[in-house]
Structures are given as C-alpha cells and as structure tokens.
Amino acid sequence: MLSRDEIVDIHNMCACSHTRMAARAVTRFYDEALRPSGLKSTQFVLLAAIEAGEAASITDLAEAVDLERTTLVRNLQLLRKEGLVSPLAGVNGRRKPALTEKGRETLENAMPLWRRAQNEFEDRLGYGSWQVTRRRLGDLRKAVA
C-alpha cells in the first residue's frame with residue numbers, strides 16, 4: 001500500500017502535473033486576452049505559423065507547432081469552417097494550409113491583443129525570468145523527447 005508521503009509527493013513533485021497546471025494557466029491567460037478576436041490562443045499561434053509560410057505541408061506544420069498530425073488536421077478543419085484557412089497545393093502534390101483574406105484580417109486584428117498579453121506576461125514574470133524560463137522549457141522538451 002502506498003504511504004501518504006508517496007501520494008503527497010505526486011502532488012508536490014510530479015513534473016507532468018506541474019507543467020500541465022502551468023500550461024493551463026498560461027493558456028487561460030492568453031485565451032482571455034484574445035477573446036475579443038474570437039480566437040483561442042492555440043488558433044492564434046496556428047494562424048501565425050501558417051502565415052509565416054515556412055511549412056511546405058501539413059506534416060511540416062505539425063512538426064513546426066509540435067502537434068500530432070491528426071490533432072492539427074482537426075484544428076485546421078475548424079479554422080477552415082470559420083473561413084480562416086484554405087488548402088493550397090504544396091510541394092510534390094502535398095497540400096498545405098494558407099490563410100484566407102478573412103484569416104489574415106483576423107490574425108492582424110488579434111495581434112495587438114496578443115502583444116498586450118505578451119507584454120503583461122513578461123511584466124508579471126519579468127523579462128529576464130521569461131527568457132530563462134523559455135530556454136528551460138526548450139530544455140524540458142528535449143529531455144523528454
């Protein structure tokens with residue numbers, strides 16, 4: 001039988017639990033900031049990644065935003081229904097998403113909201129602390145990959 005101390009360790013020490021709680025809190029913060037745009041933070045980041053134009057295919061985009069391909073396809077279908085993205089012919093006949101005019105306008109309108117949230121986030125945490133945290137999060141992803 002597990003001891004109470006072992007169970008309490010899960011709450012106090014579990015890396016998975018703590019990173020998920022932090023991710024949910026940050027997501028709520030950005031979702032609230034982006035609410036006037038009609039976008040969730042995940043949609044905003046995805047639209048920005050598409051507009052950056054560095055992904056030649058859906059698979060490339062999935063790798064760029066670190067999403068399972070099937071999850072990305074579901075998210076793209078929702079954005080397509082909203083008229084924000086449309087498929088284009090990519091390299092070697094593969095399809096890649098592109099922003100529609102409405103998608104570009106939505107991204108542009110959301111940008112000041114995101115910028116305000118990003119500045120507030122950095123102010124609350126401290127810019128230097130955020131830079132260290134961002135690098136450490138990259139280290140964390142690499143450590144468990």
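Reply: Two packed helices are described by the distance between their axes and the angle between those axes. Here the axes of H3 and H5 come within 11 Å and cross at roughly 90 degrees (axes are lines fitted to C-alpha atoms, for helices over the stretch in contact, with angles from 0 to 180 degrees between N-to-C directions). Helices are DSSP runs of H or I with at least four residues, and strands are E runs of at least two, numbered from the N terminus. The model is predicted: local features need pLDDT of at least 70, side-chain atom pairs count only at pLDDT 80 or more, and totals for chains, interfaces and linings use all residues. Residues are numbered from 1 along each chain as its sequence is written, and side-chain values use heavy atoms, leaving out hydrogens and water.

Me: How are H3 and H5 oriented to each other, parallel or perpendicular?

Reply: Angles under 35 degrees count as roughly parallel, over 145 as roughly antiparallel, 65 to 115 as roughly perpendicular and the rest as oblique. H3 and H5 are therefore roughly perpendicular.

Me: Which residues in H3 and H5 meet?

Reply: Contact means heavy atoms within 4.5 Å. Gln43, Leu46, Leu47 and Ile50 in H3 meet Leu72, Asn75, Leu76 and Leu79 in H5.

Me: What does Leu47 touch, not counting residues up to four places away in sequence?

Reply: Leu47 touches Leu39, Leu79, Leu84, Val85, Leu99, Gly103 and Leu107, with that exclusion.

Me: Where is Thr100 found?

Reply: Thr100 lies in the loop between strand E2 (95–99) and helix H6 (101–125). Leaving aside neighbours within four places in sequence, Thr100 contacts Gly83, Leu84, Val85 and Ser86.
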